[in-house]
Amino acid sequence: MSGKLWTEEQFNCPVCLDLPNDPVTIPCGHSYCMACIKDFWSKDDPKGIYSCPQCRQTFCPKPPLSRNTMLAEAVEQLRKGALQSEVRDSIRSARGLSSRSKSRLSTGAVLCDMCKGEQRAAVKSCLACMSSFCETHLKPHQTKKSLKQHELIPPTSNLAEKICTQHKYLQEFFCRQCKMFVCWLCTSNQHKDHECVSTKVERQERERSGDKVHDETENILGEMLRSVERLQELLEEVLDQASLEKMNQAQEVADNLEAEIRERRKRDTEMKDLADCGDNIYYLQTCDTMSSPLDCGDLPAVHVNHNATFEPVLEVVLALRDRVEDLCNQELGKINREINLDSIQAPEPRSREEFLQSVILTLDPNTAHKRLVLSEGNTKATLQGPTQPYADTPQRFDGWTQVMCQSPLQAQRSYWEVEWRGRGSSMGVAYASLSRKGNDARSGLGYNAQSWTLELSDTCCSAMHANEKRDIAVTYSPRLGVYADLSAGTLAFYSVADNMTHLHSFRANFTQPIYATFGVGSGVGVGLDFALGQFSSSCDSIKICPL
């Protein structure tokens, strides 16, 4: 039998337009899903007269619903695939809905909620049904009297989330004071005196605002670039003018000297000719003239400073660049705080020379654990077995073998380098509010929200903050560079050798002054070994390096 004699639509429920679930037949002979006909009749004439959705034959009272066993078996076979290969291929070729059609749907397309299997793109969403429908499944809303009264809107995804929970209407408006979506009834009640606009208007204005800011920013940056180019031109003119003046002076001296040389060569030739002359009277008359000195005038003075250099000019230009970058960083920080954009980041230094705008750090003896010995002007901390006779200060770490620097970082940008020796160390920054007492996570560098750190040993490296650890694949790094940019909210760590290798960066909104802080001992759980009395004879230390 040819597959074209059958189509799946012959079996579909006329209400939901899909294969019927629990099919039943009413007295006129038409069949429906049990749930579909019950739902249809629940909205029918309240006088107790019930009709067939297809032929409109009426029934009174409501007829009993009997299961259509034959249709149920046929539908079951269709679902099991006995007829699907023939029937569905025929349908797909007729409708042009092959499996490839689904892949052609745009990623932003709203899908039909009624389609089974292959979902088609919805053309409308119904606020009454809270569902979206493709062209096929939308037909009942266009033909059935009871469904025609439903409000249809352009296809909308996640429709239930966009309905006002209080009034059950679509949130088509945006309240600018409260920065929230509201329905039309909200604009007449709770948000009556607020500035409420349609979501379409709000989107258009934001798009225009973004375009305007983009254009103005591009113009301003273009003007700044032209100012820098003009400064470059003026600087080149000044340098060229200074060089030209000296070159002109030197050229004048060279021209005068060349003229004198030519004149002396001429007189030398004339004197040779005079010596060969046999006329004694002519000789005597000419000899006095030839012996008189040449009148070449005084040569202009050219003062050359052999120690002169253009290095001061370079220094001024570099200082200007640094001031411009600092200003840009400050302004970018303001923009970040104003519009809460994490994507705008200040440019980090491009080379180690630029990093070396160093900060002078000294360790605070009042914070050092009693097993840490400070030396070399309080720039080095060494872990020892015996405890030191330090006073019991509130600032002193008594559980973790850690030490904090005396002063917080003051500059917007700070950079320092540290060498560590032994089994491992931890280095980073912390707020002054970091707990100093006990050996739990509240005091450990990186194990709480008050500190950020990089833990190192000869076998591993980990970044720590708020007790969250991130392992970093890195070779042994005995010298570490730490870079803090307060305005950009950046804390970066680098392995320092022949080249600088970036290890990890934290992005944070530093709400308090931060102090450089160090842990001396094992790389993971710094100081816990010693808190438990498990001291090793190995020498562990950190040293803040002079730059």
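**Buried faces and salt bridges**

Guide: In helix H5 (residues 135-143), His137, Leu138, Pro140 and His141 are buried. This is a predicted model: local features need pLDDT of at least 70, side-chain atom pairs count only at pLDDT 80 or more, and totals for chains, interfaces and linings use all residues. Residues are numbered from 1 along each chain as its sequence is written, and side-chain values use heavy atoms, with hydrogens and water left out.

Visitor: What makes the buried residues of H5 line one face of the helix?

Guide: Seen down the axis of H5, they fall within an arc of 135°, so they line one face. The arc is that of the directions from the helix axis to the C-beta atoms.

Visitor: What covers the buried residues of H5?

Guide: The cover includes strands E6 (124-126), E7 (131-133) and E8 (152-153), and helix H6 (145-148). Contact means heavy atoms within 4.5 Å. Helices (H or I, at least four residues) and strands (E, at least two) are DSSP runs, numbered from the N terminus.

Visitor: Why is the pair Lys272 and Asp268 called a salt bridge?

Guide: The term needs a side-chain nitrogen of Lys or Arg within 4 Å of a carboxyl oxygen of Asp or Glu. Here the closest N and O atoms are 3.7 Å apart, so the pair qualifies.

How values were computed: Buried means under 20% relative accessible area, exposed over 50%, partly exposed in between (1.4 Å probe, protein chains only).
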